[in-house]
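Biologist: Here is a model to read together. I will ask what the terms rest on.

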Amino acid sequence: MPVPLLLGREAELRLLRTSIQEVAAGGGATVIVGEAGIGKSTLLSAAAESARECGLQVLTTAGVESGSRLPFAGLRQLLLPVLGSAQGLPAAQRRALRSALGVPDRPDASEGPDSGAVPGPFLIALATLNLLTEAAADCPLLVAVDDVQWLDQASQDALAFVARRVQGDPVVVVATTRSDHPGPFLTSGLRELVLGGLDAGSARDVLRRHAGELSVGDRERILRASQGNPLALVELPLAWRADRGPAGRPPSEAVPLNQRLEAAFAGRTADLPRRSGTSSSSPPSTRRATPPRSWSRRPAWRASHSESTPSTRHWTPGCCSSTDDG
Ligand SMILES: Nc1ncnc2c1ncn2[C@@H]1O[C@H](COP(=O)(O)OP(=O)(O)O)[C@@H](O)[C@H]1O
Ligand SMILES: [Mg+2]
């Protein structure tokens with residue numbers, strides 16, 4: 001899989017790499033929080049890539065906005081690659097997990113008949129934790145959960161349970177969620193990495209790569225409108241070109257929105273100023289953006305209840321070393 005371009009997130013990536021490198025000394029969980037397009041998934045991919053390079057197993061799952069709300073669909077996606085390790089779980093947990101995930105259990109006469117009772121969420125969460133720690137005993141694990149806010153609720157609850165309890169095991173959980181969707185990952189006291197807009201230099205760099213042919217003046221307008229939001233830096237030039245058309249209409253101060261931006265900020269673009277005479281049913285490309293106020297410029301760390309003290313122990317297989325922070 002190609003590694004996505006990641007500019008201006010050195011501090012954030014360094015922090016995630018540190019927990020990956022120190023996984024042998026104990027795991028932990030970080031929630032990457034931010035608005036649409038701010039770069040959460042891109043940072044998570046970079047962390048997953050680092051983990052692979054370090055020799056960790058990487059398990060992934062992701063919520064999908066229009067996706068299945070079936071209970072445990074997200075958990076199933078995450079756990080399928082390690083379900084083989086479920087044989088080591090206590091029978092009740094193994095059955096609970098397999099029943100929740102819709103995976104038939106292997107009949108084992110020595111365990112007696114299955115009661116057929118629907119397993120409770122606690123048993124399933126506990127079985128998930130034990131399965132992951134069992135799998136991590138062979139090889140440390142990164143659990144990468146993207147777009148938590150769109151996972152089914154049962155998976156969110158089970159994974160938040162896991163995230164709160166991996167400190168003693170070689171399991172690192174990194175999850176992403178939108179700041180405006182409260183859920184168990186944001187109320188569990190997990191360490192939060194709050195992403196703001198890219199710094200000016202990185203934003204310019206992203207824009208240069210995506211819109212190098214635009215004039216300096218056009219790029220400056222897009223820079224101002226984007227306020228460092230990478231999705232805006234990628235998409236606004238496309239909308240800008242489409243808006244100008246082949247005749248090269250001179251640009252106005254306002255910056256057009258395109259469909260991807262509209263979708264990313266659905267529910268919020270209603271607050272954006274519109275070109276006069278534009279109705280809400282107008283094509284997306286006619287919408288004009290003043291960025292949402294929360295396109296903030298600075299990333300921030302939020303205090304964690306469970307921040308571990310720095311450790312000098314590192315996971316050694318693969319490339320990781322204590323000085324590798326680039
Ligand atoms: N740090 C970055 N450097 C360069 N491009 C980035 C960066 N972060 C995100 N992008 C680009 O911005 C777009 C949106 O990023 P994404 O990670 O999908 O945002 P989010 O997951 O927060 O909605 C993608 O096209 C991605 O490639
Ligand atoms: Mg994303």
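Biologist: How do you know that strand 3 and strand 4 pair, and in which sense?

Modeller: Two strands pair if DSSP finds at least two bridges between them. Strand 3 and strand 4 (residues 171–178) have five bridges, in the parallel sense. V143 stands opposite V173 in strand 4. Strands here are DSSP runs of E with at least two residues, and helices are runs of H or I with at least four, numbered from the N terminus. This is a predicted model: local features need pLDDT of at least 70, side-chain atom pairs count only at pLDDT 80 or more, and totals for chains, interfaces and linings use all residues. Residues are numbered from 1 along each chain as its sequence is written, with chains lettered from A and ligands numbered from 1 in the order written.

Biologist: Which sense does strand 2 take with strand 3, and over how many bridges?

Modeller: Strand 2 (residues 57–62) is parallel to strand 3, over six bridges. Q57 has L141 as its bridge partner in strand 3.

Biologist: What makes a nonpolar core, and how many residues has the largest?

Modeller: Buried Ala, Val, Leu, Ile, Met, Phe, Trp, Tyr and Cys residues must be joined through C-beta atoms within 7 Å. The largest such core has 58 residues. Helix 5 (residues 121–138) gives the largest share, nine residues.

Notes. A residue is buried if 20 or more other C-beta atoms lie within 10 Å of its own, exposed if 12 or fewer, and partly exposed in between; C-beta atoms are placed from the backbone.
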